[in-house]
Amino acid sequence: MSSNMFRRTMVGAVAIAGALGLAACNNDTASVTTPTGSAPTAATSTTEAAPSTSSEAPTTEASTASEPTTSEATSESSTGESSKPAAGGSKDNTKVTPTGTKLKFGQVAVIDDESDGKYKLKVKSITAAPESAYATANLNKSNGKMYYVNFDVTNLGGAKYGFEATAPNQFFLKPVFESSEKGRAGGSPYQDLPGCKKASYDDIPVGGSGSACYYYQVTGPAPTKVMWDTYDVEIVWSK
């Protein structure tokens, strides 16, 4: 799958995003379309599934927790609070995963984002939601089957506005499906769904980790791959 095809598709998807929503959770969901069901090829540039992608060689997983700055430590000391790392801080030197990388579920990619800073992203699985989830989410199964993407993140520093478990954009992280099919991104549910819990929105300090689950509706055959697809990076996870 080429980046150009993805960009054209995602432009249309973003336009659709304003008109479509998943009524269940009052979540702003939108249709996203992946041009092809096969794993994407490497993009010629570097850095939805995309809000701007993801054989087998894992990336470096070592991280270095950043210490709080002197001003932060002084401020916390003066208020009587214990010293702890900030959610922002400086980015560590872990190598960013290059575009075109193909990983197995459970392997880690290192993402560098302008707002969320640098972080590890480990996609663990994509699974079909149970029948009971449709009623809880107020979704019509005729619009597509519901799938969960489960993942972990680790804050490597550099976030501008704090770092949460839901840092990965729900339109950048998505199932891979055929261009003839349609998909809707639900993101993290506002209430627990059977098999997909609401994520915590607490700030994760540098060096800390969190987990989240995003849900999607996809028509056609069951997707077996998950992609991280920005306008510059394409990374794919599969079994």
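A disulfide is a pair of cysteine sulfur atoms within 2.5 Å. This structure, a predicted model, holds 1 disulfide. In this model local features need pLDDT of at least 70, side-chain atom pairs count only at pLDDT 80 or more, and totals for chains, interfaces and linings use all residues. Residues are numbered from 1 along each chain as its sequence is written, and side-chain values use heavy atoms, with hydrogens and water left out.

**Disulfide**

- Cysteine 196 and cysteine 213 form the bond, with their sulfur atoms 2.1 Å apart.
- Cysteine 196 lies in the loop between strand S7 (183–187) and strand S8 (209–218), and cysteine 213 lies in S8, so the pair ties together parts that are 17 residues apart in sequence. Helices (H or I, at least four residues) and strands (E, at least two) are DSSP runs, numbered from the N terminus.
- The torsion about the S-S bond is about -115°, so the disulfide is left-handed.
- Cysteine 196 counts as buried at 0% relative accessibility. Cysteine 213 counts as buried at 3%. Buried means under 20% relative accessible area, exposed over 50%, and partly exposed in between (1.4 Å probe, protein chains only).

**Open sheet**

- Four strands make an open sheet in the order S2-S10-S9-S6, with mixed pairing. Two strands pair if DSSP finds at least two bridges between them.
- Strand S2 (102–104) and strand S6 (173–175) stand at the edges with a single partner strand each, so one side of each has no neighbour in the sheet.
- From one strand to the next, the twist averages 25°. Axes are lines fitted to C-alpha atoms, for helices over the stretch in contact, and angles run from 0 to 180 degrees between N-to-C directions.
- S2 pairs with strand S10 (residues 234–238) in the parallel sense over 3 bridges. Lysine 102 has valine 236 as its bridge partner in S10.

**Nonpolar cores**

- The largest nonpolar core has 32 residues; Leu121, Val123, Phe151, Leu173, Trp228 and Trp237 touch the most other members. Such a core is a set of buried Ala, Val, Leu, Ile, Met, Phe, Trp, Tyr and Cys residues joined through side-chain atoms within 4.5 Å.
- Strands S3 (108–113), S4 (117–128), S5, S8, S9 (226–229) and S10 each supply at least two residues of this core.
- Apart from it lies another core of 11 residues, among them Tyr134, Leu139, Tyr148 and Cys196.
- Beyond its neighbours within four places in sequence, valine 123 is in contact (heavy atoms within 4.5 Å) with residues including Phe105, Val149, Phe151, Leu173 and Trp237.

**Backbone**

- Asparagine 138 has a phi near 55°, a positive value in a residue other than glycine.
- Asparagine 138 sits in the loop between helix H3 (132–137) and strand S5 (145–155).
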